[in-house]
Amino acid sequence: MSESSALSLGAPFRPGLDPLPAWQHAWAVVKDALGRPAHGEPRDALQRVVVAVPEIGPNEVLGYVLYAGLTYNTIFAARGVPISVFDLHDRDRHVPGSGAVVLVAALGSEAARQARLRVGELRVLYPGVSDLLSPRAGQDPMHADFKIQGYETPDGSFAQFVRGQAPQLLEHSERLTLAEGSSYMLDLETVYKALYDVARVQADERVFVEGAAGGTGIYAVACAALRGARVTGLVSTEDKGGLVLARGARAWINRKAPALADVFTPVPIDPDERAVWRAAGERLIAAVRERNDGALVDVVVSSVGRELFGRMIDLLAPGGRLVFYGATSGYTLAFLGKPGAASAAEMLRAVDLRPNEAVLVYYGAGADVEDRVGADAIGAALGAGARVVAVARLDAQAARVQASLPVNGTVSLETLARSPGFRWPETMPDYDVDPDGYRAYQDQTLKPLGQAIGRLLASPDNPRGNPDVVVERAGQDTLGLSTFLARPHTGRIVYLESTEGQRLSFYAPNVWMHGKRVVFPDFAILGSHLSNAHQAAEVVRLLDSGALAVHAPAIEPWEALAEANQAIHENRHAGTITCRVGATATLDGARTARQVYEAWGSRYVDGQTVRVRLDPVGSDWVALITVDVPPANTIGGATLDDLERALDALDAEPRLRAAVLTGAGTMFVAGADVRQLRAFAQPADVEKFALRAQQVFARIGRARAPVVAAVDGYALGGGNELQMACAYRVASARAEIGQPEINLHVLPGFGGTQMLPRLAARRALAGRGQLYALLVEALAMLLDGRRRGAREALGLGLVDEVAPADALSHALGIARRIADGTFGGPLWSPLAPGAPTLAFPNVERDPEIQRLLDHHARIPRAAPARAILDVVRVGLTAGLETGLAREAREFGRLVASEDGRAGIDRFLARRSLPLPPRRESEG
């Protein structure tokens, strides 16, 4: 392995045409020679490496990274804060990077079957990975073993190729440049969820945004303003204040102004120091009121953490919410409580307590055996159908609860204290100041108590017994414990009593990274973490509509990636930053896949319904022909015109060596334009149209550069005839192939009666089946009007290969091998000149054919069924050209007949007469 074995940085990579390399360039956090994580400052910890290109599974996708956005997650990964990323996996290298713009490079088999993604498309990488098969994914994928790619997984986007789950790849809005598209995903979708789905910001509410000129902050300003809220931003310079005003804020506050110089500090642990701390905060409160018509704020959007958190709680008006999704200045968050009390029943309704949920209640805040508030909380939870465990300070309190209330159990701290190693501190140790003390708190307090509670509340869907709701109590600082215990993603902590003036603290990641809520009678703290893929897709929709805009990122070269992350860590940046990976500076203004391919030397031939892309392969060319007639890629006169123009253009390319023919969207070609057929007045008009289609298809079959069909989705009627005409045919597993013309009371008219039996006979002559049996199957397909799957079509000889995933990338790979002379497969079109005649066996007596003819006689649909048999017989015995002419003539006669018009009308009205039942062997 060496750098020379990887694709050069900035080199073109055209999926399908260019083979995937085995190795790739990446940036990674690594381990030292002794196997220890080499964490440090980003400029030092991030190292350039060469790593293997990842293999993908059935539900996964590989993307060629063009631009990768920079986020704080990389700083956390580099510094090993709050934990080493190597504690999350068993790799020796951790490739960070959360979000990118990619060119879809390869699809897994199930991702291809879904057909939402196509190789060669531009997509935005949403950096959330989850267990797609978990039932909890139906509630929210973030509840199903969710991880941030590039932080909690070792395979992020700071590499040439990135592996992702199919739902991660979202639309790229062509309103944005590729660099812009790579820069917003983690920041903007995090903010969208936090404001719209967690805090539920409403029009005319007052919103205060920390770090308002930073990556997430500037988007929080824009999203809140779009909602109609009145936004004030907290910034560090006057220039940044102007920036937030430009994005929709009504006011800003400079946190570095002299009047606020000593304001932003954590709440002191010592009660005697709190009066001075509160007095200093009045200056910030006054500044906020001054900018909000004398009022406090309804919503605070927080991400800075330790230094600002206590002040942000002070800014909340009654009923206010603080939503946070990070804590960049430190993870121990402390604040002073507020006045306000409510009954247990009221607070449990507020957090939507449901039957059979697990509830933990702290009972006995003092030494008294009786605790009316605790007993009321237990009673209210039991009345709601919950399962309840009480944690009491004293054995006597636990015994009283156990004797008087039908709880699941009790845990006595007095009993636990008899166990060696258990500690019950007055407050949670400060992780940022004393990390060793916090780790001891985890081992000596959190884990023993969690295990004792978990044994009482465990259930099949919650094996660890995490409480869904924790009823907290005033007079104790156990919020750090409660936020640890509450169930990830759905856990709620509620207070019933006034906490005015009390210091409360918790470890930030336990709330924000698990989406937990802390609800007081008069305010709430709401954790919000990233978003799910649907929320991210909603962000794309808002961008594409122009409702939101992306702040243009600074664009850095690949070589500067580590230093750019250092700048973010040192707050030397404004807005967002992205880095070139597979892109060069020439693509910085590009918005579309076409511009990318053109920059890589491709040329285009455009038509209204057919487009051609010509790609260089060495000194030669390969063409991609795409039929694009939404919604079903039908073949009408305009499509035939454009196909002919495309073929003319390709004939003029002396170095063209191969072409691939495919359909846009989720299908190949659904058939002829039936409405256009219905509009023809005379049989001769229909016959002329059919002859023209046959001639165009013959040009495809006889082209100097072989045409390879890439069949994804439906290839029906004229669509199947089009793919059969090609020199080589590749289908995906999701392809469905058929000749449904009998359903319209007509027969195939674009060569189907001639090509289908010839392909079946070819398979027999190649020793892959018995001729009579294959001809019966071919005729049955023409007569029953039903679709065949890809494997059945392969068995009949209608396609040459079933691709392992999508047909397009496989067909492009074949075209490349044709171009470079390494393809050894047979290239043959049933419309090639010199097709031999063939004795036609008496298949009418076959039981299956007789069954089908009998069915059509009863419907009645006998005329087209008999015509199919006659035309097939003529073509095989008298030759291809005679058969094609007879087919076109019969097609014209049947389409223009009274029965044919009635059949077409019924088809268009979805009232067709019944097709023959499937054979029992087909189910």
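Is the crossing of H24 and H29 right-handed or left-handed? The crossing of H24 and H29 is right-handed; a crossing has this hand if the near helix is turned clockwise from the far one by less than a right angle, and is left-handed if anticlockwise. This is a predicted model, in which local features need pLDDT of at least 70 and side-chain atom pairs count only at pLDDT 80 or more, while totals for chains, interfaces and linings use all residues. Residues are numbered from 1 along each chain as its sequence is written, and side-chain values use heavy atoms, with hydrogens and water left out.

**Helix pair**

Helix H24 (residues 752-765) packs against helix H29 (residues 862-878) at an angle of about 65°, the axes being 9 Å apart. Axes are lines fitted to C-alpha atoms, for helices over the stretch in contact, and angles run from 0 to 180 degrees between N-to-C directions. Helices (H or I, at least four residues) and strands (E, at least two) are DSSP runs, numbered from the N terminus. H24 makes the contact (heavy atoms within 4.5 Å) through Thr753, Gln754, Pro757 and Arg758, and H29 through Val871, Val872, Gly875 and Leu876.

**Sheet**

Twelve strands form an open sheet with mixed pairing, in the order S13-S12-S11-S14-S15-S24-S23-S21-S20-S17-S18-S19. Two strands pair if DSSP finds at least two bridges between them. Strand S13 (251-254) and strand S19 (409-412) are at the edges with a single partner strand each, so one side of each has no neighbour in the sheet. Direction ignored, neighbouring strands are turned by 15° against each other on average.

| Strand pair | Bridges | Opposite residues |
|---|---|---|
| S11 (residues 206-209) and S14 | three | Val207 and Val299 |
| S14 and S15 (residues 316-324) | five | Val299 and Arg321 |

Strand S14 (residues 297-302) is mostly covered, with six of its six residues buried; buried means under 20% relative accessible area, exposed over 50%, and partly exposed in between (1.4 Å probe, protein chains only).

S14 and S15 pair in the parallel sense. The chain passes from S14 through helix H9 (residues 306-314) to S15 in a right-handed β-α-β crossover, meaning that, with the strands pointing away from the viewer, the path from the first strand over the helix to the second runs clockwise. H9 lies across S11, S12, S14, S15 and strand S24 (523-527), running at about 150° to S15.
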